[in-house]
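Student: I have a structure open and want to know what the labels rest on. Can we go through them one by one?

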Amino acid sequence: MNGVNEYRAVQGSYYNSAFKNSTSAKAGSSRKASGTQSSQGRKELSDKAQALLEKLKKTHSNMDFMVADKGDNTKEVLSRGTKEFSVLFSTEELEKMAADETFEKENMDKVYDAVRMTEQINKENGFGPASEKGEILKIGISFNDDGTTSYFAELEKMSESQRERIEKAKEQKKDLKDISVRSKRTQVSASSMKELVEKMNKVDWSKIREQDIKNYQPGFDFSI
């Protein structure tokens, strides 16, 4: 994973440019955000909010940016992420960010802090593929419509024999999606990164059942 310094560099160049110089929004009717579906109907984003969402996706290559509102299953939506970090905005929060650069920066600072703390978590707590604590697969951040922020972590614990099978498949240059993989997975959530770490350290893997993982993808190396 790229270090937090890269994110800070991106942050600096990103906020030094005025929004009017970003991806232009086409005039016309509002559009819906892609990537999530709401059981109660998606609120439509303004063109300016949609343009901000697309800009964030383009600017931050190892982050998934998604939109979900009341009625969506936040954990399920975040689990769809395919990158190291998943960032979930409510429509209301994204609209506020699009209208106020200061508020946008405040929210993105929380994202950058989560990136930095994730690297620190691994260094100080020893999560990893062979760890008894399990491996961090991905980190998620949700900006809720009530102004609060929630943090999520998806963890995996795999037997040594399963890890050996995967390593052998890699050596033989096989597509990991084609092999049968079993592991234990769980997701924890919290209202702060500190609380998230506490919950991650307290996961009782003996109470979590092993499951078949379809279309297996290895976790990201958060320790770099």
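Tutor: Start with surface. Accessible areas come from the Shrake-Rupley method with a 1.4 Å probe. The model is a predicted one. For the protein chain, the accessible surface comes to about 11900 Å². Carbon and sulfur atoms account for 45% of that surface.

Student: How many helices and strands are there in the protein chain?

Tutor: There are 7 helices and 6 strands. From the N terminus, the order is α-α-β-α-β-α-α-β-β-α-β-α-β.

Student: What percentage of the residues in the protein chain is buried?

Tutor: Of the 224 residues, 46% are buried. As for contacts between residues at least 6 apart in sequence, 64% join residues at least 24 apart.

Student: Why is T149 called buried?

Tutor: Buried means under 20% relative accessible area. T149 has 12%, so T149 is buried. T149 lies in strand β4, residues 149–157.

Student: What makes the pair T149 and K110 a polar contact?

Tutor: The cut-off for N or O atoms is 3.5 Å, with one able to donate a hydrogen and the other to accept it. The side chains of T149 and K110 make such a contact at 3.3 Å. Beyond four places in sequence, T149 is also in contact with I141, S142, F143, N144, A190 and S191.

Student: Why is K173 called exposed?

Tutor: Exposed means over 50% relative accessible area. K173 has 76%, so K173 is exposed. K173 sits in the loop between α6 (160–171) and β5. Its phi is positive, about 60°, although K173 is not a glycine.

Student: Which side chain does the side chain of R185 meet in a polar contact?

Tutor: The side chain of E156, at 2.8 Å. That value falls within the 3.5 Å limit for a polar contact. R185 is in strand β5, residues 181–190.

Student: How far apart are R185 and I208, in sequence and in space?

Tutor: They are 23 residues apart in sequence and 7.5 Å apart in space, C-alpha to C-alpha. R185 and I208 also touch.

Student: Now the helices. What describes two packed helices?

Tutor: The angle between their axes and the distance between the axes.

Student: Why are α4 and α5 called oblique to each other?

Tutor: Angles over 145 degrees count as roughly antiparallel, and 65 to 115 as roughly perpendicular. Helix α4 (residues 91–99) and helix α5 (residues 101–125) pack at about 125°, with axes 5 Å apart. The angle falls between those two ranges, so the pair is oblique. E93, K96, M97 and A99 of α4 make the contact with E101, F103, E104, N107 and M108 of α5. By class, that gives 4 nonpolar, 1 polar and 4 charged residues.

Student: Why are α2 and α4 called roughly perpendicular?

Tutor: The range is 65 to 115 degrees. Helix α2 (residues 47–59) and α4 pack at an angle of about 90°, with their axes 8 Å apart. The angle lies in the range, so the two helices are roughly perpendicular. On α2, the contact uses K48, A49, L52, L53 and L56; on α4, L94, E95, M97 and A98.

Student: How do the residues of the contact of α2 with α4 divide by class?

Tutor: They divide into 7 nonpolar, no polar and 2 charged.

Conventions:
Residues are numbered from 1 along each chain as its sequence is written. This is a predicted model: local features need pLDDT of at least 70, side-chain atom pairs count only at pLDDT 80 or more; totals for chains, interfaces and linings use all residues. Side-chain values use heavy atoms; hydrogens and water are left out. Helices (H or I, at least four residues) and strands (E, at least two) are DSSP runs, numbered from the N terminus. Buried means under 20% relative accessible area, exposed over 50%, partly exposed in between (1.4 Å probe, protein chains only). Contact means heavy atoms within 4.5 Å. Axes are lines fitted to C-alpha atoms, for helices over the stretch in contact, and angles run from 0 to 180 degrees between N-to-C directions. Angles under 35 degrees count as roughly parallel, over 145 as roughly antiparallel, 65 to 115 as roughly perpendicular and the rest as oblique. Ala, Val, Leu, Ile, Met, Phe, Trp, Tyr, Cys and Pro count as nonpolar, Asp, Glu, Lys and Arg as charged, and the others, Gly among them, as polar.
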